[in-house]
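Look over the sequence and the structure before reading on.

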Number of protein chains: 2
Amino acid sequence: MSDEVRNRLAWIAVDWGSSNLRAWAMDERDEVLSRASSDKGMLALTAGGYEPALLETIGDWLPATGRVPVWVCGMAGARQGWQEAAYLPVPARLGELAKAAVAPAVNEPRLDVRLLPGLCQHADPAGRTFDVMRGEETQLAGLVAREPGFTGLVCLPGTHAKWAWLEEGSVTRFATHLTGELYRLLASQSVLKHSVADAELDAPGCREAFVAAVREASAEPGRFGQQLFGLRAADLLDDTLPSGAARHARLGARLSGLAIGLELAGMRHDLSDAAVTLIGSEALCTRYTLALEALGHDSRRLDGEAAVLAGLGLAQAGLRQQGDDS
Amino acid sequence: MSDEVRNRLAWIAVDWGSSNLRAWAMDERDEVLSRASSDKGMLALTAGGYEPALLETIGDWLPATGRVPVWVCGMAGARQGWQEAAYLPVPARLGELAKAAVAPAVNEPRLDVRLLPGLCQHADPAGRTFDVMRGEETQLAGLVAREPGFTGLVCLPGTHAKWAWLEEGSVTRFATHLTGELYRLLASQSVLKHSVADAELDAPGCREAFVAAVREASAEPGRFGQQLFGLRAADLLDDTLPSGAARHARLGARLSGLAIGLELAGMRHDLSDAAVTLIGSEALCTRYTLALEALGHDSRRLDGEAAVLAGLGLAQAGLRQQGDDS
């Protein structure tokens with residue numbers, strides 16, 4: 001297996017986040033030969049630790065000689081990361097991220113590492129607000145690689161959910177909502193921690209509880225703080241809820257619905273008849289699909305891993321093109 | 001001093017919360033003779049620990065003989081407390097809380113302890129939602145003791161901010177917002193923890209930052225999650241902010257304004273030309289006064305300690321009356 005990877009390896013894709021890194025061995029046709037991952041995310045590393053962490057993860061893939069392009073998106077390019085790849089301000093052409101990539105110095109001669117930049121947005125009279133992303137821009141580039149000239153609204157659910165407005169393959173503006181982090185803090189650190197549990201939506205009653213909560217929060221977002229405390233009060237008083245673990249799952253589904261419903265309330269004026277493109281994991285995108293549906297909006301999904309590989313592949317294609325041109 | 005307390009002691013007032021207890025030695029005219037406190041709140045105690053904790057705190061005040069009424073509000077009356085004083089459902093007459101008090105068994109013959117009940121609210125077609133309070137009802141009773149027949153909207157800011165609608169001395173409904181806890185979680189446990197610091201509003205620019213944030217959150221509560229992430233982005237990008245500690249204070253004031261502004265957005269339909277009565281500490285009530293003012297609403301303040309003593313005093317007055325009648 002390792003021999004086959006070594007023989008066919010054309011380049012390496014890396015998504016380096018705050019708490020972990022994922023890497024893919026890619027062949028000449030951008031097919032995945034192998035996968036690897038590590039828990040050495042940005043928060044666990046200092047600048048000198050990146051190259052060793054990378055070699056530990058992908059060292060087995062490297063052929064004996066030759067130099068392998070390694071395209072990296074995410075927090076490795078942050079100021080506190082391996083080396084800063086400064087944010088590109090919006091509007092930004094997604095097909096040109098690689099032009100702003102930086103190449104950190106490495107000791108291993110077989111590595112040709114490039115860190116892709118994130119995007120930033122400054123407050124302006126047109127209603128843009130300060131915002132940053134690092135990693136998601138590469139998934140957006142992946143969408144554009146698959147659908148050149150893409151125009152529309154894209155949502156990348158997660159700890160910090162991103163919404164991006166794309167026009168002809170450029171990001172014109174974007175908005176980050178703290179949704180996933182709010183959910184996690186409330187479920188595990190607040191007074192609600194004894195009342196809610198993470199819930200699968202196919203558990204009895206959970207889908208209905210989730211959808212009802214989406215509707216409530218999006219209809220009255222100002223009552224979010226009240227709706228939250230209401231979960232605790234319902235746990236104490238609501239006789240219609242099941243008991244035990246089923247009760248906490250139901251309330252957990254409701255908490256998830258409140259958090260996503262609040263986010264959709266904020267996006268209401270931007271949602272239209274056009275389908276929202278969701279990029280991310282199936283589980284999380286399913287929640288957003290349900291939530292959008294409850295408010296009368298269509299969506300479609302692009303897999304998160306497919307998007308990041310297509311985005312990094314776009315950078316690699318540019319490099320290959322350069323090589324062919326020279 | 002202790003002798004004077006022992007000689008003049010008529011009753012003892014206790015506010016027993018989750019994380020601490022505060023006690024006051026009171027004379028016959030409901031004047032405070034002495035104060036004491038302890039960090040033995042509900043979370044630090046099991047049922048058997050309450051009497052020793054109380055004696056440790058107020059034992060010095062007790063005369064050699066005779067039985068002293070001890071009126072207790074707060075979490076000591078919770079199911080997980082000393083002994084449950086079951087919630088009274090709304091509508092509830094605040095002058096009659098003492099009728100639902102419970103008297104836990106005690107070993108010390110000089111103690112005559114009564115735990116006041118909290119209030120609960122069940123969901124109903126009139127728009128009430130599940131809610132509970134324990135402790136704040138006694139402060140509301142204090143307002144009614146001072147202003148018999150009070151009618152109006154009352155706000156008790158805090159970790160779990162309470163809004164109560166009073167009619168002729170009864171609570172007809174109430175709403176709890178998780179505001180203070182949201183602020184604390186976000187300021188100390190979220191991605192924002194490196195960007196914000198607790199701020200005094202009289203620090204340069206902090207009052208303005210607070211008020212602007214109140215306006216933004218109350219105008220667009222659905223964007224709360226986005227406004228939160230915007231604090232992080234502003235910390236990274238906003239050149240108009242001061243640097244260092246002043247920067248974090250400014251952003252902390254903004255976070256506080258966002259949390260309170262979200263709450264006021266939820267209360268918007270209930271706010272009118274009538275002044276809101278705030279009950280609580282001067283620092284926190286000042287923020288609410290400013291926030292309400294920014295949205296065009298008047299308020300007035302009743303001190304939180306004065307309110308709880310007047311509420312417990314109302315219970316004691318009923319006991320005294322009983323004694324006189326018998």
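Contact here means heavy atoms within 4.5 Å. The model is predicted.

**Helix packing in chain A**

- Helix α5 (residues 206–219) of chain A packs on helix α8 (residues 282–294) of chain A at about 55 degrees. Their axes are 9 Å apart.
- α5(A) and α8(A) are therefore oblique to each other.
- The crossing of α5(A) past α8(A) is right-handed.
- From α5(A), the contact takes in Arg207(A), Phe210(A), Val211(A), Val214(A) and Arg215(A). They meet Arg287(A), Leu290(A), Ala291(A) and Ala294(A) of α8(A).
- This contact of α5(A) with α8(A) has 6 nonpolar and 3 charged residues, and no polar ones.

**Helix packing in chain B**

- Helix α5 (residues 206–219) of chain B and helix α7 (residues 244–267) of chain B cross at roughly 35 degrees. Their axes come within 7 Å.
- α5(B) and α7(B) make a right-handed crossing.
- Residues of α5(B) in the contact include Cys206(B), Phe210(B) and Glu216(B). Among those of α7(B) are Arg250(B), Gly257(B) and Leu262(B).
- The contact of α5(B) with α7(B) divides into 12 nonpolar, 4 polar and 3 charged residues.

**Second largest pocket**

- The second largest pocket holds about 1700 Å³ of space.
- Its lining has 48 residues. Ser18(B), Met75(B), Arg134(B), Glu136(B) and His160(B) lie nearest the centre.
- Elements giving two or more residues to this lining include α6 (224–237) of chain A and α9 (304–325) of chain B.
- α6(A) supplies the largest share of the lining, 5 residues.
- By class, the lining of the second largest pocket has 18 nonpolar, 17 polar and 13 charged residues.

**Cavities**

- The whole structure has 2 cavities of 30 Å³ or more.
- The largest cavity has about 60 Å³ of space. Its lining includes Leu94(A), Glu96(A), Leu116(A), Thr138(A) and Leu314(A).
- α3 (136–146) and α9 (304–325) of chain A each give two or more residues to the lining of the largest cavity. The largest share, 3 residues, is from α9(A).
- That lining of the largest cavity has 7 nonpolar, 3 polar and 1 charged residues.
- The second largest cavity has about 40 Å³ of space. Among its lining residues are His177(A), Leu262(A), Glu263(A), Gly222(B) and Gly225(B).
- α7(A) gives the most to the lining of the second largest cavity, 3 residues.
- The lining of the second largest cavity counts 4 nonpolar, 4 polar and 1 charged residues.

Notes. Residues numbered from 1 in each chain as written. Chains lettered and ligands numbered in written order. Predicted model: local features only at pLDDT ≥ 70, side-chain atom pairs only at ≥ 80, totals over all residues. Heavy atoms only, no water. Axes fitted to C-alpha atoms, helices over the stretch in contact; angles between N-to-C directions. Helix = DSSP H or I, 4+ residues; strand = E, 2+ residues; numbered from the N terminus. Parallel < 35°, antiparallel > 145°, perpendicular 65-115°, else oblique. Left-handed = near helix turned anticlockwise from the far one by under 90°. Nonpolar A, V, L, I, M, F, W, Y, C, P; charged D, E, K, R; others polar. 1 Å grid on protein atoms, 1.4 Å probe; cavity = no way out; pocket = protein on both sides within 12 Å on 5 of 7 lines; lining within 4 Å. Points joined across faces, edges and corners; volume = space filled by probe spheres on them.
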